Amino acid sequence: MPIEVDGKFIATTASAFLEDPDEWSKTVAETMAAAEGLELTAQHWDVIDYLRKEYFENNGHQPNNRTLLKEMGGLWGHKVNNKELFDLFPGNPSKQAGRLSGLPESMRKGGY
């Protein structure tokens, strides 16, 4: 089902991931987040920016939740726990944040 952003329709998969990652923008992420009941904060953007950097600069790498905990802990200066990430992205941090980051759907199994 496509999403509408600034009068333009952007194609998504059945699971709401962008069909073309090149169509991603911050406005697209904000539109997708609003549809999921999220208002993106600085911490949301830290996760999104990290995921995009890893994907585009590290051969399509999509970090799992455990890696997100470690990396965000280093960035935010405290030990981050699962609850903190799930408070930000209640639909599963690595998957929901990946979707809002405009990345393809990860096919790995398990939460870690």
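The following dialogue examines how labels are assigned in a predicted model.

Tutor: In this predicted model, local features need pLDDT of at least 70 and side-chain atom pairs count only at pLDDT 80 or more, while totals for chains, interfaces and linings use all residues. Residues are numbered from 1 along each chain as its sequence is written, and side-chain values use heavy atoms, with hydrogens and water left out.

Student: What makes residues 42-57 a helix, and how does the reach of H2 stand against the expected one?

Tutor: Helices are DSSP runs of H or I with at least four residues, numbered from the N terminus. H2 has 16 residues. The expected span is 1.5 Å times one less than the number of residues, and H2 reaches 22 Å from its first C-alpha to its last, close to the expected 22 Å.

Student: Why is valine 47 called buried?

Tutor: Buried means under 20% relative accessible area, exposed over 50%, and partly exposed in between, with a 1.4 Å probe and protein chains only. Valine 47, which lies in H2, has 1% relative accessibility and therefore counts as buried. Other buried residues of H2 include His44, Trp45 and Ile48.

Student: Which residues does valine 47 contact, leaving aside its neighbours within four places in sequence?

Tutor: Contact means heavy atoms within 4.5 Å. On that basis, valine 47 is in contact with Leu68, Met72, Trp76, Leu85, Phe89 and Ala97. The cover over the buried residues of H2 includes helices H1 (26-35), H3 (65-76), H4 (82-88) and H5 (93-100).

Student: Why does lysine 70 count as exposed, and why does glutamine 96 count as buried?

Tutor: Lysine 70, in helix H3, has 64% relative accessibility and so counts as exposed. Glutamine 96, in helix H5, has 4% and so counts as buried. Leaving aside neighbours within four places in sequence, glutamine 96 is in contact with Glu36, Leu38, Phe89, Pro90 and Gly91.

Student: What makes tyrosine 55 and phenylalanine 56 an edge-to-face pair?

Tutor: Rings of Phe, Tyr and Trp (its six-membered ring) pair if their centres lie within 6.5 Å; planes under 30 degrees apart count as stacked, over 60 as edge-to-face and the rest as tilted. The structure holds one aromatic pair. Tyrosine 55 and phenylalanine 56 are 4.9 Å apart, centre to centre, with 85° between the planes, and this pair is edge-to-face. Tyrosine 55, at 19% relative accessibility, counts as buried, whereas phenylalanine 56, at 42%, is partly exposed.

Student: How do you know that a charge sits over the ring of tryptophan 24?

Tutor: The criterion is that NZ of Lys or CZ of Arg is within 6 Å of the ring centre and within 35 degrees of the ring normal. The charged end of arginine 52 sits over the ring of tryptophan 24, 3.7 Å from its centre. Likewise, lysine 26 lies over the face of tryptophan 45, at 4.9 Å from the ring centre.

Definitions and conventions:
Helix = DSSP H or I, 4+ residues; strand = E, 2+ residues; numbered from the N terminus.
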